[in-house]
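Welcome! Please take a moment to look over the sequence and the 3D view, and then we can walk through a few spots together.

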Amino acid sequence: MSRLLQTLIATSLLLIGFMAQSYEIEDLGDGLHRFIDDRHRSVFLITPEGAVVTDPLNKKAATWLNNQIKTRFNVPVKYVIYSHNHSDHIYGAEVFKSPHTTFVAHKLTAQDIKNTQMNTVMPTLTFDDELTLNLGGSSVKLNYHGPNDGRGSVSILFEKQKTLFVVDWIVIGRMPWQKLWSYDIQGMINSTQAVLKYDFNTFVGGHADIGSKADVARYLSYIELLYSQVTAGILAGNTLDEIKQNVKLDQFSDFKQFGAWLPLNIEGVYERLREESGMGWRSDL
């Protein structure tokens, strides 16, 4: 291989890598911003007293975001909030570590980080059910609604901005992830019903699109109908293949990945009902 060809290949790979690591910041108003890293999203709040950052995502993304906060906004990061225990959302937190930064998580998230020796910063402030952070005239309300996805997954409500941030267990404009691995599906329903009682206008998820409260309600309708139709199929003695044929949810066909992931969603609900709800060994089925 000639030296010129080697140089061209190396340059091409460098450009591809740069393009793959492109990041975006979107202004949501009143100091709140959405941070986008490929398929992942988080939010951060800028106030005169400092910044509140949610999920750092990974070291490269967190390094880029930390530099942006320093250069564009010139405020210290006062809080870093973990939405739950999954590594693709909470790694890279060491980038923000400083004497004036508090790391916040639900106690179950902190427990899991410690028990599994996750490569991220241990939370220094934990809570059981509810915690409100106040900074620079804004309040951030964190609530645990019981099991839904992962361990210690919470809702994060920016009250002044009327914006709700939830990771994984609510997704706008896209189907839930494939076979719904790690989800407690009834827990997702319970948790989503709970947050719909909150006062918010804008929803930001850890993946996919920004939406409204009406979009969250529509997502809940999909999960409820999926769950009830698969349950009905099992109660009727149908096989998984028969249930896949019988479930009708075409009113949600505009969701991204609908055709590819609906059979997987059905299979995920089917497996959890048979295993976690014990329907697979009930004598009456």
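## A serine in a strand

Is Ser155 buried or exposed? Ser155 is buried, because its relative accessible area is 0%; buried means under 20% relative accessible area, exposed over 50%, and partly exposed in between, with a 1.4 Å probe and protein chains only. This is a predicted model, in which local features need pLDDT of at least 70 and side-chain atom pairs count only at pLDDT 80 or more, while totals for chains, interfaces and linings use all residues. Residues are numbered from 1 along each chain as its sequence is written, and side-chain values use heavy atoms, with hydrogens and water left out.

Ser155 sits in strand S10. Helices (H or I, at least four residues) and strands (E, at least two) are DSSP runs, numbered from the N terminus. The side chains of Ser155 and His145 are joined by a polar contact of 2.8 Å. A polar contact is a pair of N or O atoms within 3.5 Å; within protein, one must be able to donate a hydrogen and the other to accept it, and residues adjacent in sequence count only if both atoms are side-chain atoms. Leaving aside neighbours within four places in sequence, Ser155 has contacts (heavy atoms within 4.5 Å) that include Leu164, Trp169 and Val195.

## The sheet

Six strands form an open sheet with mixed pairing, in the order S8-S9-S10-S11-S12-S13. Strands S8 (130–135) and S13 (211–212) are at the edges with a single partner strand each, so one side of each has no neighbour in the sheet. Two strands pair if DSSP finds at least two bridges between them. S8 and S9 (residues 138–144) pair in the antiparallel sense over six bridges, and Leu131 stands opposite Leu142 in S9.

## Helix H5 and its cover

Now to helix H5, residues 185–195, whose buried residues are Ile185, Gly187, Met188, Ile189, Ser191, Thr192 and Val195. Their cover includes strands S10 (154–158) and S11 (163–166), along with helices H6 (213–235) and H8 (258–275). At the start of H5, a side-chain oxygen of Asp184 comes within 3.4 Å of the backbone nitrogen of Gln186.

## After helix H8

Gly280 is found in the segment after H8. Gly280 is partly exposed, with a relative accessible area of 36%. Not counting residues up to four places away in sequence, Gly280 touches Leu273 and Arg274. From C-alpha to C-alpha, Gly280 and Tyr270 are 9.5 Å apart in space, and they are ten residues apart in sequence.
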